[in-house]
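Here is a short report on one protein model. It goes from a surface patch to the sheets, and then to the backbone details.

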Amino acid sequence: MLQGEREDLVRSNERLMELIQQSNDIFFMQDVDGRILHFSWLHAPEHGISPADLIGKGVDALLPDDLSAQHMSWVRSVISERKNACYDLDIELGGVHHTFSVTLAPYTGTDGALIGVVGSARDTTEIRRQRIACRQMAWEVDQWKGLVSNVSHELRTPLQPLIGYLGILADDPEYYGLKGETEKYLRTCLECARQEQAVVERMVKLSLVMTDHIELAIQDIHLRSLINSIISRGGYESEAEIENEIPENAHIWGDPDLLYQALESLISNAVKYNEPPKKVWIRYAGSNNNHYIMVCDNGIGIPADIIGSIFGPLFIGGTQETSHNCVHSGLGLAIAIKYVRLHGGEISVTSEVGEGSTFTIRIPKEA
């Protein structure tokens, strides 16, 4: 029995040593005098370090004098207080600055006598860089939000009185002595100012959506009911013939508010960019790995040369007559694709000019 237990311990020790030798971390042992009893590091050869040559030597054979003294002060503290300790070691390897997070613990034999310390060191240089980059990114996002707020205020301020005064004149042009061409030009100016105001508001909304961190409230969604609520709240049935072909048993895990906005944008566009008789179909298909939700229409279609650009923020179509509407479409689609991507999915589109378009949302089932 004892022989069997010994063999099990030997095998366990061998497996442990294999794991240690394959790890990116440094593992070492030192006796009470600071001599190295064990040293293993997968990347040691890359830095000209021979673990075998370090055995029996002091840590000054590995580290510069100042860092060796720093390390040994921690070793003595662990030995005297019999407590674990952690500290950061900054060192240059191959001309590159590295930071190692070092952990030390007292090491005793089977009789309870103190042998020395056992330790590990993990290179946290990249983690630090990532943290710095994240802080920098957070700062830049805050700066961007402030810029958006200031710019939107500067753009809104002159538009509000302009629209207000133009509206007063347009409501009663005869009172102000406006007739004929003058009244026509005035109303054109008012419409342009209102369009500009709508673009500013959508720019602000899009900027905030794109920079804000969004936490998903994942829950089970009855897809047919979600589509029905979009159709009824939007009043789309009064503008087009809409067929909700989603099966009753179709369910999807996701954030209902975000998927509502994404699908509402697609359905709204399918109705808006259409010509009588307007028809829209909402369909569903599933595979082993994905949900597919299709919004199909018999509308005006999208030219092949711009179909790859319609999801871009502030996409503007090629004609003056449709530029404002395309701006609206581009903002809606840019927001829609962000919300779908938050679910791990994508939106694709197929279209024929004069025949209609099909927008397909793909969402992984495990999302």
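## A nonpolar surface patch

Leu 37, Tyr 107, Ile 115 and Val 118 form a nonpolar patch on the surface. Together they have about 280 Å² of accessible area. Patches are made of residues with over 30% relative accessible area and no salt bridge; nonpolar side chains (Val, Leu, Ile, Met, Phe, Trp, Tyr) are joined within 5 Å, like charges within 9 Å. A salt bridge is a side-chain nitrogen of Lys or Arg within 4 Å of a carboxyl oxygen of Asp or Glu. Areas come from the Shrake-Rupley method with a 1.4 Å probe, and for residues only the protein chains shown count as cover.

Val 118 is found in strand β5 (residues 114-123). Its relative accessible area is 32%, so Val 118 is partly exposed. Buried means under 20%, exposed over 50%, and partly exposed in between (1.4 Å probe, protein chains only).

## Basis of the model

The model is predicted: local features need pLDDT of at least 70, side-chain atom pairs count only at pLDDT 80 or more, and totals for chains, interfaces and linings use all residues. Residues are numbered from 1 along each chain as its sequence is written, and side-chain values use heavy atoms, with hydrogens and water left out.

## The antiparallel sheet

5 strands form an open antiparallel sheet, in the order β2-β1-β5-β4-β3. β2 (36-40) and β3 stand at the edges with a single partner strand each, so one side of each has no neighbour in the sheet. The twist averages 20° from one strand to the next. Strands (E, at least two residues) and helices (H or I, at least four) are DSSP runs, numbered from the N terminus. Two strands pair if DSSP finds at least two bridges between them.

β1 is largely enclosed by the rest of the structure, because 5 of its 6 residues are buried. β1 runs antiparallel to β5, joined by 6 bridges; here Gln 30 has Val 117 as its bridge partner. Another 4 bridges join β1 to β2, also antiparallel, and Met 29 is partnered by His 38. Tyr 87 has its bridge partner, Val 102, in β4. Helix α3 lies across β1 (26-31), β3, β4 and β5, at about 165° to β3. Axes are lines fitted to C-alpha atoms, for helices over the stretch in contact (heavy atoms within 4.5 Å). Angles run from 0 to 180 degrees between N-to-C directions.

## The mixed sheet

A further 5 strands form an open sheet with mixed pairing, in the order β7-β9-β10-β12-β11. The edge strands are β7 (241-244) and β11 (346-352).

β9 (residues 279-286) and β10 (residues 290-297) run antiparallel, joined by 7 bridges. Tyr 284 has Ile 293 of β10 as its bridge partner. Helix α7 (residues 256-272) packs on the sheet, touching β7, β9, β10 and β12. Its direction makes about 25° with that of β10. Helix α6 (residues 223-234) lies across β7, β9 and β10, at about 165° to β7.

## Backbone details

Most residues other than glycine have a negative phi, and most peptide bonds are trans. Arg 82 has a positive phi, near 55°. Arg 82 lies in the loop between α3 (65-81) and β3 (85-93), and is partly exposed at 49% relative accessibility. Gly 34, in the hairpin of β1 and β2, has a positive phi near 95°.

Pro 276 and Pro 277 are joined by a cis peptide bond, with omega about -5°. Pro 277 lies in the loop between α7 and β9.
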